[in-house]
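I opened this entry to keep track of what I looked up in one model. The notes follow the order in which I went through it.

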Amino acid sequence: MKMDFEGRMGLLHNPLISPGFTSHKFLMKVIRDFPCRIEEIKHVWIPMTDGCRLSARIWLPEDSQQNPVPAILEYIPYRKNDGTALRDSLIHPYFAGHGYAAVRVDLRGSGDSEGILEGEYLQQE
């Protein structure tokens, strides 16, 4: 199968399958031209009421400070700086490029977030 190597096609892990699972792959068109210019904040702390801080990576439309936008929050136990970094770098800019803030948060006690991971998706979060 012929592929376009100008950044438009890539062989990626299926985002619907857990990170690290490599036996199922597919071709995906990678789009880099969007209606909105994008700003990326690689690390920001989100303070919790108990003093713990969660680590987040945020992609925003460039003018979102002047024109507030809705947000898409992804809160999963896979570390944002390694476990899903490639997938995130393709999916979240797409959201931001179409007018949404995309926020990728490490669970408490996982990745760069503080605290102890006592379970996934706890009520306190």
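**Surface and overall make-up**

I began with the surface: the protein chain has an accessible area of about 8,200 Å², and carbon and sulfur atoms hold 55% of that. I note here that the model is predicted. I then checked burial and found that 30% of the 125 residues of the protein chain count as buried.

I listed the secondary structure next. The protein chain has 1 helix and 6 strands, and from the N terminus on the order is β-β-β-β-β-α-β. For contacts with a separation of 6 or more, I noted that 57% join residues 24 or more positions apart.

**The sheet**

I looked up the strand order. There is an open sheet of 4 strands, arranged β3-β4-β6-β5, and its pairing is mixed. The edges are β3 (38-47) and β5, and each has a single partner strand, so one side of each has no neighbour in the sheet. From one strand to the next, the twist averages 20°.

I then went through the partners of β6. Strand β4 (residues 53-61) runs antiparallel to β6, and 4 bridges join them. In that pairing I found tryptophan 59 opposite alanine 102 and arginine 57 opposite arginine 104. Strand β5 (residues 71-76) pairs with β6 in the parallel sense, over 6 bridges. Here leucine 73 stands opposite valine 103.

**The helix**

**Burial of β6**

How many residues of strand β6 are buried? I counted 6 of the 6 (residues 101-106), so the strand is largely enclosed by the rest of the structure. I checked the two faces separately. Ala101, Val103 and Val105 are buried on one side, and Ala102, Arg104 and Asp106 are buried on the other. Both faces of β6 are therefore covered, and the strand as a whole is largely enclosed.

**The core**

I looked for the largest nonpolar core and found 11 residues in it. Among them are Leu54, Ala56, Ile58 and Leu60, as well as Ala101, Val103 and Val105. The set also includes Met48, Cys52, Tyr75 and Leu107. The elements that give two or more residues to this core are β4 and β6, and β4 gives the most, with 4 residues.

Leaving out residues up to four places away in sequence, alanine 56 touches Ile41, Lys42, His43, Val44 and Ile46, among others. Its contacts also include Lys80, Val103, Arg104 and Val105.

**Serine 110**

My last item was serine 110, in the segment after β6. Is serine 110 buried or exposed? The relative accessible area is 7%, and the cut-off for buried is under 20%, so serine 110 counts as buried. I then looked up its contacts, apart from neighbours within four places in sequence, and found Pro77, Arg79 and Leu117.

Note on methods. Residues are numbered from 1 along each chain as its sequence is written. This is a predicted model: local features need pLDDT of at least 70, side-chain atom pairs count only at pLDDT 80 or more; totals for chains, interfaces and linings use all residues. Side-chain values use heavy atoms; hydrogens and water are left out. Buried means under 20% relative accessible area, exposed over 50%, partly exposed in between (1.4 Å probe, protein chains only). Two strands pair if DSSP finds at least two bridges between them. Contact means heavy atoms within 4.5 Å. Axes are lines fitted to C-alpha atoms, for helices over the stretch in contact, and angles run from 0 to 180 degrees between N-to-C directions. Accessible areas come from the Shrake-Rupley method with a 1.4 Å probe; for residues, only the protein chains shown count as cover. A nonpolar core is a set of buried Ala, Val, Leu, Ile, Met, Phe, Trp, Tyr and Cys residues joined through side-chain atoms within 4.5 Å.
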